[in-house]
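Subject: Structure handover

Hello,

Here is the structure I promised to pass on. Please open it alongside this note.

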Amino acid sequence: MLQYREKEVLELQKVSWKRDGIRILSDINWQVNKGEHWAILGLNGSGKTTLLNLINGYLWPTTGNISVLNQPFGKTDLRLLRKSIGWVSSSLQERIKETSLVEDVVLSGKYASIGLYDTPDKTDIEQAETLMEQLGFSHLKGRSYRTCSQGEKQKILIARGLMANPLLLILDEPTTGLDFLAREDLLMSIEKMAEAEHAPTILFVTHHMEEILPIFSHTLMLRDGQVFAEGETRSVITENKLSTFFSIPVSIEWREGRAWMTRK
Ligand SMILES: Nc1ncnc2c1ncn2[C@@H]1O[C@H](COP(=O)(O)OP(=O)(O)OP(=O)(O)O)[C@@H](O)[C@H]1O
């Protein structure tokens with residue numbers, strides 16, 4: 001595990017990524033500091049997944065510099081770094097063994113494994129139980145993962161991601177496929193988790209404005225592989241900026257710290 005006391009969680013300087021002569025990401029400058037949680041907003045194909053793959057070191061930038069948890073890429077052991085990063089995505093969901101018990105899926109996060117290969121100790125079991133309670137699914141203990149709903153599965157995977165006490169937690173479109181109630185329930189669990197003591201820095205990828213909860217102090221907007229806007233959420237989520245971003249006039253209504261968008 002990395003020992004990490006610095007202020008800076010993430011720094012990208014002039015990062016570009018090209019594939020087959022096409023620039024997928026251009027000139028990304030982005031800094032995330034401790035104490036901030038970021039939403040990443042972008043249309044399909046804007047480069048969000050590519051950006052996450054760069055941060056995790058699964059892709060290498062064509063140009064520019066990346067430093068994650070104060071570890072400059074090129075001088076760092078990426079396998080060690082990845083132990084400090086939790087990543088919850090739909091591709092992870094597909095890799096979970098459907099017959100596993102809910103608590104074993106959570107516990108497997110301790111070893112960054114998909115199955116449960118090591119024997120968990122008492123502290124691990126207690127930690128898993130605390131996370132299940134915090135995220136509101138203690139009642140699913142003893143059930144198989146297969147029998148859980150989509151919203152429950154997302155909570156299980158977030159708890160799994162938290163088992164290794166990551167410093168950075170990436171939630172890549174966690175609300176995909178959820179109905180209104182399941183989505184709100186998951187968002188409230190994420191909010192509670194973010195407010196807990198020793199919570200990791202969260203990067204939350206979404207297509208939907210209203211999912212940017214007040215805990216997301218900052219927002220990065222990506223368009224066509226470029227940073228369209230970045231900074232404090234209230235200064236980024238404005239009618240003017242969003243109308244340009246979506247190329248249609250939109251209005252925003254703020255309710256309980258969340259921006260609800262409609263077409264004008
Ligand atoms: N390995 C690759 N080779 C060629 N093109 C790629 C590759 N990976 C991504 N792209 C292209 O880069 C662009 C950005 O893709 P990316 O998956 O990062 O977008 P995204 O914002 O995550 O989209 P979505 O919201 O649909 O998941 C797309 O046009 C995609 O086709």
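Below is what was found in it.

This is a predicted model: local features need pLDDT of at least 70, side-chain atom pairs count only at pLDDT 80 or more, and totals for chains, interfaces and linings use all residues. Residues are numbered from 1 along each chain as its sequence is written.

Start with the ligand. The residues around it are R19, D20, I24, G42, N44, G45, S46, G47, K48, T49 and T50. Each has its C-beta atom, placed from the backbone, within 6 Å of the ligand. Helix α1 (residues 48-55) gives the most to this shell, with 3 residues. Helices are DSSP runs (H or I, at least four residues) and strands likewise (E, at least two), numbered from the N terminus.

Next, two loops. Most residues other than glycine have a negative phi. D224 has a positive phi, near 50 degrees. D224 lies in the loop between β9 (218-223) and β10 (226-232). Phi of E256 is also positive and near 50 degrees. E256 sits in the loop between β11 (250-255) and β12 (258-263).

Last, a helix pair. The axes (lines fitted to C-alpha atoms over the stretch in contact) of α6 (residues 150-162) and α7 (residues 180-195) come within 9 Å. They cross at roughly 15 degrees, on a scale from 0 to 180 degrees between N-to-C directions. That makes α6 roughly parallel to α7 (angles under 35 degrees).

Regards

Definitions and conventions
Parallel < 35°, antiparallel > 145°, perpendicular 65-115°, else oblique.
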